[in-house]
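Please look at the sequence and the 3D structure shown here.

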Amino acid sequence: MAPSTWLDRQSAIPVTVSLTRQFALTGSAIMVVAMIAAGLFTAEMVSKATVENTASSTALLIDSFLEPLVQGLTREDLLSANETTELNRLLGTDHFRERFPHLEIWKEGGLIVYSTTPSLIGRRFNPPPGLVTALAGDISAQYADLKALEHRVSGRSQKYLEIYIPIREERSGRVVAVAEIHESTAPLEVRLWWVRLKSWLAVVCATSLIMLGLFGIVYRGNKLILLQRRQLNERLVEIEHTSRHNHILKERAQRASGRVAELTENYLRRIGADLHDGPAQLIGLAALSVEHVRRAQTPTKRDEELQLLNSVLSEALRDIRTMSKGLMLPEVEDLPLPEVIKRMALNHERRTGTKVTVHCGTISHTLTHGIKICVYRFVQEGLNNAFRHADGNGQVVMCRIDDSVLYLAVQDDGGTGVSGPAPPDSGLGLVGMRERVESLGGVFRVSHLPNGGSRFEMSVVISEEPQDG
């Protein structure tokens, strides 16, 4: 069972929610909570500031006409009849009573010295918190507590805004009394409603802008992450495919190296057999002829034996030269690839008397000596195969380079040779061609053409650097 690859493990990982969606969900929830908290806080602060501003405005209004009329309280506990009558006249107008329906004047100890409700004048009640604050010199404002005793005694059931205003002595500035004014809340509620609405709209708009800005940043970051992740996955796929291809090439190279060693050993054995069966036998025969020359009785017999000896040695020398020519390579290291192919084709034409067509343009890439030797032997074996099995008909050699890959092909048109077309794996020559090519990391192919000919192809990756000069 093949080991699991990185892509297999990656496909097993469940698909998670995208970063943008995670931020939209969690960020929206957090921002809504923060918006509500900020809205409540802002609305509360704005409402409080509005109430305080209203209380300050009311205090200035009331203090402007009330303070001169109650200066008698600096000496007496109750207002005089004239002061009470004047206050009733001022506070009894319809416009004033519509806005300020109730007013009491308190002294220390919870004593009410004046009230628009006459039954409360002269009575003492527990000092409300606003009264205590005003006696200390500060203006206080809050909604009326209808459960307070003074409100229950006066029978008040409508909620008002209670404003406690300190009344000071003209010369010393000492607080001598406190005016409690009840202001109608209807206009105030309208103002508070609009103030709260504006504050909420401001908070919502600010929160939305912040959320949109953060979402834009996260969205762009998420797109960049997804793009890099996709590129990384593509790179990993490419690396894995390359790794598999390299593993296959490594196995091919190892098998080819073993086969090359085996073929070399077989080739050496064949050379040894050829030497033993050919030149060695002839030289042995020549050695016997020397003995015959020495035993010759007449000059004529000696000349015959010498002529036979010369013939045998000439044939042995010719066999040795023929075998050596097949083993030796021309000087191909400093030659460009097209010249190497052309020389091989010319040698084949001279040796066989056949015609070879070469299609090979200018090749300026750097080629190692090993590739040139492989090309030379490939062309040599391909043309020999074409001569043996196709009578040398339509012999063509083609080479080109595409994207740093060298393509080479040798083909023929078939013929009437007794052996017929060579099968892909027949003969020591084709096996040697395959092993030579695969030992360089290349690919070797054999195919049969529709006209009965054969085509041998090889492809191998070469360096991209052009040759100097």
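Predicted model: local features only at pLDDT ≥ 70, side-chain atom pairs only at ≥ 80, totals over all residues.

Residues are numbered from 1 along each chain as its sequence is written, and side-chain values use heavy atoms, with hydrogens and water left out.

The protein chain has eleven helices and ten strands. Here helices (H or I, at least four residues) and strands (E, at least two) are DSSP runs, numbered from the N terminus. Of the 469 residues in the protein chain, 36% are buried. Buried means under 20% relative accessible area, exposed means over 50%, and partly exposed lies in between (1.4 Å probe, protein chains only). The protein chain exposes about 28,100 Å², and carbon and sulfur atoms supply 57% of that area. Accessible areas come from the Shrake-Rupley method with a 1.4 Å probe; for residues, only the protein chains shown count as cover. A contact means heavy atoms within 4.5 Å. Among contacts between residues at least 6 apart in sequence, 65% join residues at least 24 apart.

Now consider the interior. A nonpolar core is a set of buried Ala, Val, Leu, Ile, Met, Phe, Trp, Tyr and Cys residues joined through side-chain atoms within 4.5 Å. The largest nonpolar core has 32 residues, and those that touch the most other members are Ile341, Val375, Phe378, Val379, Val397, Leu406 and Leu408. Several elements supply at least two residues each, among them helix H9 (337–352), strand S6 (356–360) and helix H11 (427–439). H10 gives the largest share of this core, seven residues. Take Ile341 as an example: leaving aside residues up to four places away in sequence, Ile341 touches Val358, Cys360, Val375, Val397, Cys399 and Leu408. A second, separate core has 27 residues, including Leu66, Leu79, Phe96 and Leu192.

Which residues of helix H3 (residues 81–91) are buried? They are Glu83, Thr84, Leu87 and Leu91. Seen down the axis of H3, these buried residues fall within an arc of 100 degrees, so they line one face of the helix. The arc is that of the directions from the helix axis to the C-beta atoms. On the other side of H3, the exposed residues are Ala81, Asn82, Thr85 and Arg89.

The surface also has a nonpolar patch, formed by Leu275, Ile283, Leu313 and Ile320, with about 310 Å² of accessible area together. Patches are made of residues with over 30% relative accessible area and no salt bridge; like charges are joined within 9 Å, and nonpolar side chains (Val, Leu, Ile, Met, Phe, Trp, Tyr) within 5 Å. Helix H7 (185–295) and helix H8 (299–327) are the elements that give two or more residues to the nonpolar patch. Ile320 lies in helix H8 and counts as partly exposed, at 32% relative accessibility.

Next come charged pairs. Side chains of opposite charge can pair when their charged atoms come close. A salt bridge is a side-chain nitrogen of Lys or Arg within 4 Å of a carboxyl oxygen of Asp or Glu. The whole structure has five salt bridges. One of them joins Glu240 and Arg244, whose closest N and O atoms are 3.3 Å apart. Both residues lie in helix H7, four residues apart, about one turn of the helix. Glu240 is buried, with a relative accessible area of 14%, while Arg244 is partly exposed at 43%. Another salt bridge joins the side chains of Glu381 and Arg388 (3.4 Å, N to O).

Finally, look at some loops. Most residues other than glycine have a negative phi. Asp391, which is not a glycine, has a positive phi of about 60 degrees. Asp391 lies in the loop between helix H10 (369–390) and strand S7 (395–402). Ser404 also has a positive phi, near 65 degrees, and lies in the loop between S7 and strand S8 (405–411). Asp391 is partly exposed, at 35% relative accessibility, whereas Ser404 is buried, with a relative accessible area of 10%. Asp412 lies in the loop between S8 and H11 and is buried, with a relative accessible area of 4%. Asp412 and Gly453 are 41 residues apart in sequence, and their C-alpha atoms are 5.1 Å apart in space.
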